[in-house]
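Me: I'd like a close look at one part of this protein, please. Could you walk me through the strands and who sits beside whom?

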Amino acid sequence: MGDILRAAFLVTMGDRIAIHPVNPQPRMIARAVDAVQRGALLVAPSDAGYLLLWAVDALKAEERVQRMRGLDSKHPFTLLCASLSEMGRLAKLDDAAFRIVKPLIPGPFTFILPVSSELPRRFKQAKRKVIGCRIPDSSVLLALIRDCGTPLLSTSIEFDEDSPDRQDPEDVADRVLRDVDLMLDAGECAAGPTSVVDLSGDVPCVVRQGAVPVVF
């Protein structure tokens with residue numbers, strides 16, 4: 001289904017629904033899955049603040065994110081995965097990388113990894129050599145990814161320096177609800193950002209220490 005046809009089926013602009021942070025209601029997850037599959041742009045809680053997320057092939061949603069955050073078309077977004085095996089299909093995990101990743105998942109850590117041959121076609125066309133992946137420690141996100149049956153793209157929500165934190169749903173709603181299709185509100189979540197670990201080279205490198213620091 002094309003983006004124009006998808007748009008006709010999207011949930012009401014700025015819809016906000018409450019969801020349990022630990023035991024997310026299946027009907028709420030199903031509603032979010034339906035929205036994602038129709039090309040919607042969502043806001044959802046994670047283990048590193050609330051995130052913007054969308055389907056890999058939802059190009060219109062991605063363009064909206066680029067406009068919201070002032071990003072160009074080459075900006076790399078993070079792939080949210082539900083399992084290590086799913087991550088391993090998208091990226092190359094050698095033994096050394098596996099030993100680093102395994103004890104840190106699920107958790108607020110983003111791993112930069114060499115791409116695999118099973119990378120979605122649109123990323124292959126962009127000639128990506130590395131990609132950022134993570135497995136969030138969030139019952140809501142994991143349920144959503146699993147029920148979608150595929151990884152989702154995500155990015156953090158940008159606030160001005162003097163604006164509130166990204167973990168408070170009221171602040172998040174004030175900032176982005178008018179620009180998205182659906183918000184899953186699970187109350188206050190853990191603060192971000194994620195720690196970023198580059199495993200694409202010969203030597204592992206911590207690019208950014210986040211709210212939960214990385215120690216090798």
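Reply: Let's begin with the whole chain. Its accessible surface comes to about 10,700 Å², and 51% of that belongs to carbon and sulfur atoms; such areas come from the Shrake-Rupley method with a 1.4 Å probe, and for residues only the protein chains shown count as cover. Keep in mind that this is a predicted model, where local features need pLDDT of at least 70, side-chain atom pairs count only at pLDDT 80 or more, and totals for chains, interfaces and linings use all residues. Residues are numbered from 1 along each chain as its sequence is written, and side-chain values use heavy atoms, with hydrogens and water left out.

The chain has eight helices and ten strands (DSSP runs numbered from the N terminus: H or I of at least four residues for helices, E of at least two for strands). Of its 216 residues, 49% count as buried, which means under 20% relative accessible area, while exposed is over 50% and partly exposed lies in between (1.4 Å probe, protein chains only).

Now for strand 3, residues 51–55. Five of its five residues are buried, and the strand is mostly covered. On one side, strand 2 (residues 42–44) pairs with strand 3 in the antiparallel sense over three bridges; two strands pair if DSSP finds at least two bridges between them. Here Ala44 stands opposite Leu51. These two strands form a hairpin with six residues between them, and Gly49 in the turn has a positive phi of about 90 degrees. Strand 3 also runs antiparallel to strand 7 (residues 152–156), joined by five bridges, with Ala55 opposite Leu152.

Strand 6, residues 130–134, has two partners to look at as well. Four of its five residues are buried, so strand 6 is largely enclosed by the rest of the structure. Strand 4 (residues 78–80) pairs with strand 6 in the parallel sense over three bridges, and Leu80 has Arg134 as its bridge partner. Strand 5 (residues 109–114) runs antiparallel to strand 6, with four bridges joining them; there, Pro114 stands opposite Val130.

One last stop is Glu86, in helix 4 (residues 84–90). Glu86 counts as buried because its relative accessibility is 9%. Leaving aside residues up to four places away in sequence, Glu86 touches Cys81, Ile145, Thr150 and Pro151, where contact means heavy atoms within 4.5 Å. Glu86 and Pro151 are 65 residues apart along the chain, yet their C-alpha atoms are separated by 7.8 Å.
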